[in-house]
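Trainee: I would like to work through this model helix by helix. Where do we start?

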Amino acid sequence: MSAARHRGRNVVRLLGGLAVGAVLVGAAAAIWFWALLEPADPTSATQRVFEVQPGWGAARVAAELEAEGLIRDARAFSIWLRLRDLDRDVGEGLYDLSPAMGATELAERLAAGGRPRTVTLVIPEGWRARDVAARLSALGVAEADVAQATIDDPGTLAPPWLPADAGLEGYLFPDTYELRLDAGAEAALGTPVRAFEQRVAQVYAEQVDEAGLSLHEWTILASMVQAEAAGPDEMPIIAGVFLNRLDLEMLLQSDPTVAYGLDKRLPELSAIDGDMRVDHPWNTYTRPGLPHGPIGNPGLEALEAVLAPDRTRGDGRLWLYFLHGVDDGSPVFRPNVDLPSHERDVDRFLR
């Protein structure tokens, strides 16, 4: 055998060995790659809420998944997403994922899209609209000034009975609401407004009409009852006092209306400083009738109290006055039918 022929056979053997080696390396690499795509914890029975935030690409998502212990290797998972042409399909939102999920299932979940992040908005009875605007800002749903501007000029959010110059004060129905974080002011405020329309206005419209009130007048009165009452038990009598005074064309003389018009909280109100004498559309000491609009957002109990008021004492005399005072350190609520009795109770429980 010639030397050249011998060398040729050696080259063939070498190339064959290299090919076999390349196949073995490739197979090992494939096995290694697939192993990295196996579930991070196949025995896990737990699910975790994983959030993809705006602007995250596939590499960032993979890195966060690894940090959360949901995948074995971020680089391998990122490659898998590209191989499946899913790297551009991962959207922001919340995903329920488990370490027991393999790469294929995780990729499919992420490609399907997440649910929006939500926040809980609680509107207590009696809150003013500006409190709701501030809360939306604190939750990150809308800037306070944008929310307040929408409240003041609601546009298409305005209920059909709302006077042209009125805002949404009074119609942000107190309840607990789940809102999308990206809802924005109009959508966020529209939720409690729709609740008022569906659960209040549509249900009680006939009773309101029978009471001789418009829906707006009803809401104004209910907001006053809500602000004045220390609890639901007092609401029917307070509603009766206001309705009786309206019938007799007496001034309503409600401190919370004055405070609202001055943009003060009730404890900040000062008769000594002349707050009661400052004339404005909500001052029921200087102007007859109802104030210009609601002074807060009443709950259902206050609204129902206006429709079922307690207007008379046991002897049939009309309730015309009430006060909150203190007797030996305990709070008292005192309604009265005439001014002398009211002044007596003022001396006893307030002075």
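Predicted model: local features only at pLDDT ≥ 70, side-chain atom pairs only at ≥ 80, totals over all residues.

Mentor: Just after α9, E249 takes a positive phi of about 55°.

Trainee: How far apart are the end C-alpha atoms of helix α9?

Mentor: Helix α9 covers residues 235-247, which is 13 residues. At 1.5 Å a residue, the helix should span 18 Å. The model agrees: the end C-alpha atoms are 18 Å apart.

Trainee: Is α9 largely enclosed or largely open?

Mentor: Buried means under 20% relative accessible area. In α9, 10 of the 13 residues are buried, among them F242 and R245. So α9 is largely enclosed by the rest of the structure.

Trainee: Is Q253 buried, partly exposed or exposed?

Mentor: Q253 lies in the loop between α9 and α10. Its phi is positive, near 50°, and Q253 is not a glycine. At 36%, Q253 counts as partly exposed.

Trainee: What is the handedness of the crossing of α5 and α6?

Mentor: The axes of α5 (residues 129-139) and α6 (residues 144-152) come within 8 Å and cross at roughly 145°. Residues in contact include L136 in α5 and I151 in α6. By class, the contact has seven nonpolar, two polar and one charged residues. The crossing is right-handed.

Note on methods. Residues numbered from 1 in each chain as written. Heavy atoms only, no water. Helix = DSSP H or I, 4+ residues; strand = E, 2+ residues; numbered from the N terminus. Expected span 1.5 Å × (residues − 1). Buried < 20%, exposed > 50% of the residue type's maximum accessible area, 1.4 Å probe, protein only. Axes fitted to C-alpha atoms, helices over the stretch in contact; angles between N-to-C directions. Left-handed = near helix turned anticlockwise from the far one by under 90°. Contact = heavy atoms within 4.5 Å. Nonpolar A, V, L, I, M, F, W, Y, C, P; charged D, E, K, R; others polar.
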